[in-house]
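Here's a walk through one protein model, taken a piece at a time. Keep the 3D view open and follow along.

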Amino acid sequence: MKKKWLFILLFVVSIVLAACSGGESSSAPKENGGSGSDISGKTFTYATTTDAVGLSPIMTNDSPSANVIEQVYETLFQRNSETLEIEPKLAESYENPDENTWIFKLKEGVQFHDGTPFNAEAVKYTFDKLRDPATGAPRASLLESVEEITVEDEYTVKITTKYPYGAFLAALSHTNSAIVSPSADQKQDLMKEPVGTGPFKFVSWTPGDQLELEANEEYWNGAPDLKKVVFKVVPEVSTAISMLQTGEVQFIDNLPTEQINRLESMDNIDIQKIDGSPVYYFAFNHLKEMNQDPEFREAVVSAIDRDAFVSKLNGLGVRSDSVVGPKVFGYDKSAENAGTPYDLDHAKELVEKNGYGDQPLKLLTANRANTTLMAEIVQAQLVEAGFKVEIESMEWATYLDSARAGEYDLTFLSWSNVTGDGSELFYPNFHSDNVGSSNRAQYSNAAFDDLVMQSRTTVDQEERAKLLDQANKLMLEENAVVVMYHGVVTSALDNTYTGLNLDSTGKWTLKNVTGK
């Protein structure tokens with residue numbers, strides 16, 4: 001009898017101990033102090049239809065690459081996604097003793113993933129390399145204004161500009177202004193093995209397949225809850241959506257318009273939509289003789305019915321003539337309808353009058369869903385007006401190289417407006433300084449150049465806004481480009497997760513993503 005009661009007592013004690021252990025309890029504290037469900041052993045997968053071109057902030061200038069770079073590297077400043085104000089990040093503070101001098105105090109105790117200390121020397125190294133013509137950096141224009149960079153002490157750097165530069169802090173918040181590890185850059189190829197100070201560290205990359213990151217447990221602003229992040233290349237967006245539905249993928253962005261109804265019917269995801277700063281535009285190769293003919297451009301622009309395209313975006317695009325969008329500094333509502341209106345009859349008259357239909361035109365496009373749809377619609381419209389247009393579609397990285405080299409007649413280009421500043425839209429994309437590099441439209445206009453440079457060389461923000469509006473309207477008067485639409489930034493996230501930071505520029509960060 002005593003043995004029987006002893007057995008019962010031991011059985012009860014074992015149950016109590018198991019209940020108190022907390023090993024499997026949902027009320028147990030989470031790793032790194034997170035408040036959500038335990039996701040430390042799970043892989044968080046982002047599906048992208050296009051692989052990164054490279055992983056160095058200095059040597060890239062495309063969105064798929066920037067998506068990785070944003071998680072691995074950091075900039076001195078960042079744009080607040082709610083207030084749109086520029087705020088310090090790796091910088092602690094700054095001061096302007098005069099209009100051409102910027103003194104930055106840097107955060108102390110920050111390390112790169114390879115153990116190299118983040119300091120003024122690292123900032124100088126990065127910026128000197130970015131602006132060195134021998135580097136051939138696609139976004140060297142971000143630091144075009146810089147005259148000299150001086151290390152004052154370990155955590156103080158002084159930058160002298162050639163002229164007062166009103167958009168300087170915005171430029172320093174750009175993804176391509178992120179600070180790299182000098183020691184890593186000297187011993188390895190950062191295009192393949194990135195080393196930054198960000199919340200995630202590089203693990204591996206199989207181009208065309210997937211890229212893997214892991215949590216930076218020593219991150220200066222607290223280790224992320226996500227321990228393993230995979231960027232999975234899924235060329236077919238419908239496949240990516242199916243993977244999201246089945247839980248193989250936890251996150252996609254740039255939701256395709258033709259799939260939005262399907263996505264909204266899925267009960268395991270949360271969809272986010274915000275008015276964005278990206279602009280998508282039809283561009284002429286201005287080095288081509290025919291594209292320098294004002295009547296040719298007028299005929300082409302008159303033949304394009306943008307409403308026919310925007311109506312197919314299911315609310316994921318905003319119709320506007322203005323090159324500068326509402327979320328970008330320098331926007332003025334008066335530019336909304338300042339472009340050449342759609343007039344098919346007028347387009348036909350100009351084509352017939354000048355024989356524009358005699359020569360075949362190459363319309364270059366990247367093999368992305370919205371861009372392909374845009375190309376097909378515009379091709380049909382131009383053919384209806386009398387032009388001969390052939391579409392040439394390319395994989396993203398190849399397309400970028402071809403566009404930069406001017407190997408096209410007509411094309412579609414886009415700009416995320418990561419800095420949110422009109423100067424940093426106009427200067428890299430349309431200023432003659434950048435023909436053959438970031439100015440893929442090969443556009444050159446002395447009056448436009450002068451307005452843009454004036455907008456860059458004053459710190460009077462009201463004056464800058466007026467100058468940018470003038471530059472905007474000059475481009476529209478010249479029919480230099482045709483704005484197809486301004487983007488609505490979108491994402492779809494597995495609803496067992498929360499904390500994705502999505503910005504109106506299209507940038508996003510995973511640092512605060514955690515389980516619900």
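Let's start with strand β12 (residues 269-284), which pairs with strand β17 (residues 481-494) in the antiparallel sense over 12 bridges. Strands are DSSP runs of E with at least two residues, helices are runs of H or I with at least four, both numbered from the N terminus, and pairing takes at least two DSSP bridges. β12 is also joined to strand β16 (residues 410-415), again antiparallel, by six bridges. Look at Phe282: Val482 stands opposite it in β17, while its bridge partner in β16 is Phe412.

This is a predicted model, where local features need pLDDT of at least 70 and side-chain atom pairs 80 or more, while totals for chains, interfaces and linings use all residues. Residues are numbered from 1 along each chain as its sequence is written, and side-chain values use heavy atoms, leaving out hydrogens and water.

Now for two helices. The axes (lines fitted to C-alpha atoms over the stretch in contact) of α14 (residues 446-456) and α15 (residues 461-478) come within 8 Å. They cross at roughly 160 degrees, on a scale from 0 to 180 degrees between N-to-C directions. Angles over 145 degrees count as roughly antiparallel, so that is how α14 and α15 sit to each other.

α2 (63-72), β2 (77-79) and β20 (508-509) each supply at least two lining residues.

Definitions and conventions: Angles under 35 degrees count as roughly parallel, over 145 as roughly antiparallel, 65 to 115 as roughly perpendicular and the rest as oblique.
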